[in-house]
Amino acid sequence: QVQLVESGGGLVQAGGSLTLSCAASGHTFSSYAMGWFRQAPGKGRDFVAAITRGGFGTYYGVSVKGRFTISRDNAKNTVSLQMISLKPEDTAVYYCAASLKASAGDWSSRMGEMDYWGKGTLVTVSS
């Protein structure tokens, strides 16, 4: 069993930056590919970013590529999402996810392969 707890959300002005963190419980963190998804008000959940188990491969959704950076620290059981040049359309609840079987990649259509989800952290970008 893995528990994921996100933190770092908040209110930020457009053009600003924010870093989200996800802390994972358990001793097998490095066995999981990790990722971030987000869900804007009234919309479905979208893929944001994913990172391989070793942290050497990263993947991003089209709308965030070049602005967001995912990273992980397997010694600390954490995965982070650094967000810069934030836009009002980035406003959403951001969820951390872990997959034991799926390889990190474009997870846009692979949400069903996530084994664990966090409860989310709200990011609000004001214009």
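**Links between side chains**

Modeller: The term stands for a pair of cysteine sulfur atoms within 2.5 Å. Keep in mind that this is a predicted model: local features need pLDDT of at least 70, side-chain atom pairs count only at pLDDT 80 or more, and totals for chains, interfaces and linings use all residues. Residues are numbered from 1 along each chain as its sequence is written, and side-chain values use heavy atoms, with hydrogens and water left out.

Biologist: How many disulfides does that rule give?

Modeller: The count is one disulfide.

Biologist: And what's the handedness of the Cys22 and Cys96 link?

Modeller: Left-handed, with -80° about the S-S bond. Cys22 sits in strand β3 (residues 18-24) and Cys96 in strand β9 (residues 92-99), so the pair ties together parts 74 residues apart in sequence. Strands here are DSSP runs (E, at least two residues), numbered from the N terminus.

Biologist: Are Cys22 and Cys96 buried or exposed?

Modeller: Both Cys22 and Cys96 are buried. Buried is under 20% relative accessible area, exposed is over 50%, and partly exposed is in between (1.4 Å probe, protein chains only).

Biologist: OK, new topic. How many salt bridges?

Modeller: Three salt bridges, each being a side-chain nitrogen of Lys or Arg within 4 Å of a carboxyl oxygen of Asp or Glu.

Biologist: Which residue does Arg38 meet in a salt bridge?

Modeller: Asp90, at 2.8 Å, N to O. That pair links distant parts of the chain: Arg38 is in strand β4 (residues 33-39) and Asp90 in the loop between β8 (78-83) and β9, 52 residues apart. Arg38 and Asp90 are buried.

Biologist: What about Arg67?

Modeller: Arg67 has a salt bridge with Asp90, where the closest N and O atoms are 2.7 Å apart. Arg67 lies in the loop between β6 (58-60) and β7 (68-73), and Asp90 in the loop between β8 and β9, so this pair ties together parts 23 residues apart in sequence. Arg67 is buried, as is Asp90.

Biologist: And which partner does Glu113 have?

Modeller: Arg110, with the side chains meeting at 2.9 Å, N to O. Glu113 counts as partly exposed because its relative accessibility is 37%. Arg110 counts as partly exposed too, at 25% relative accessibility.

Biologist: Which residues end up in one network?

Modeller: Arg38, Arg67 and Asp90, joined by salt bridges that share partners.

Note on methods:
Helices (H or I, at least four residues) and strands (E, at least two) are DSSP runs, numbered from the N terminus.
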